[in-house]
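Here are my notes on the model, point by point. Please read them with the structure open.

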Amino acid sequence: MANDGPVEHGYPHLETVRAAITALWKRLSYDTVQTFATSVAPADVAFCDTDDLHLGAQRVAHEMVRHYRLPDARMIVGFRAMTHAANVELAAGPEYFVELNDRFRTHRRDIGAALAHEVMHVYLHRLGLSFPGTRDNEILTDTAATYLGAGWLLLDAYREDSASSQKLGYLTPEEFGYVLAKRSLVFGEDPSVWFTSPQAYTAYVKGMARAREDEQQPPLTAAGWAGRRRYARERKHAAAAPAGVPYAFSPDGGGQLRVSFPCPTCHQRMRVPVRGRMRARCGVCRTVWECDT
């Protein structure tokens, strides 16, 4: 939690974020991901200063349990002084103890954001999905919460001006915006209408631009002229693709040249023959892409 401290920007964790999106699609399956097409509604996690602190926190925790479809999980929420925003004890269940930073006693509007992350820890724990190392596992948790419809709250908790700053989660604001954009492109849902933080909106716009770039890389037909020209040159010589491009050439068992590239939706690598214009369907997220291989 950045509390009046420096806020990291940019995309330093982008590869881990993309790996987390792939892991979600593969572990949950297409059908399960589709059940999260609707995000947590702002009204369902609204928390004003006149609400009872503990009853309100329990209500919001229950809403997160409902959204993540954990009907037999019960969250017991408390508050204490700590360095991090929150912590959850991952036991066998069905009761899980969540501790929130004392800061949230007076910053109640952000309790939903903290609980979106902590209840996702429970969801992933039950799912048996984790990344090695604390840092990568926390990035997985932020990414999963955001991609499955509750993490827009984490981005909206980001506020920064010349005198103060606040940010929750391990992703940068732009990375939260990127994951939200990825979700938006799949479900056609615009989360920007829910933002109360102007800085969150800016980060989402930047994240959307970065997400659109994923759909404009060769061999996709939406690629720009320069990328298409470079791709054609490397294809002609069957050369190894240079660093910094997402595609790679390799022969198959019959000697035919193939190209592999990440699906812009789920980042699972697709491998197709090099034979001109074609449609390629991702086997994980089922998205169909127009290609010129």
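1. Some conventions come before the details. Helices are DSSP runs of H or I with at least four residues, strands are DSSP runs of E with at least two, and both are numbered from the N terminus. This is a predicted model, in which local features need pLDDT of at least 70, side-chain atom pairs count only at pLDDT 80 or more, and totals for chains, interfaces and linings use all residues. Residues are numbered from 1 along each chain as its sequence is written, and side-chain values use heavy atoms, with hydrogens and water left out.

2. Start with the proline pair. Pro-219 sits in the loop between α8 (198–214) and α9 (225–236). The peptide bond joining Pro-218 and Pro-219 is cis, with omega about 5°. Most peptide bonds are trans, and most residues other than glycine have a negative phi.

3. Next, Ser-29. Its phi is near 85°, a positive value in a residue other than glycine. Ser-29 lies in the loop between α1 (14–28) and α2 (30–34). Ser-29 has 31% relative accessibility, so it counts as partly exposed. On this scale buried means under 20% relative accessible area, exposed means over 50%, and partly exposed is in between, using a 1.4 Å probe and protein chains only.

4. Met-278 stands opposite Cys-291 in β11. The hairpin has 6 residues between the strands, and among them Arg-286 takes a positive phi near 70°. Arg-286 is partly exposed, at a relative accessible area of 39%.

5. Which side chains of β11 are buried? Trp-289 and Cys-291 are, and they point to one face.

6. Last, a helix pair. Helix α3 (residues 53–67) packs on helix α4 (residues 111–127) at an angle of about 45°, with axes 9 Å apart. Axes are lines fitted to C-alpha atoms, for helices over the stretch in contact, and angles run from 0 to 180 degrees between N-to-C directions. α3 and α4 are therefore oblique to each other. Angles under 35 degrees count as roughly parallel, over 145 as roughly antiparallel, 65 to 115 as roughly perpendicular, and the rest as oblique.

Definitions and conventions: Two strands pair if DSSP finds at least two bridges between them.
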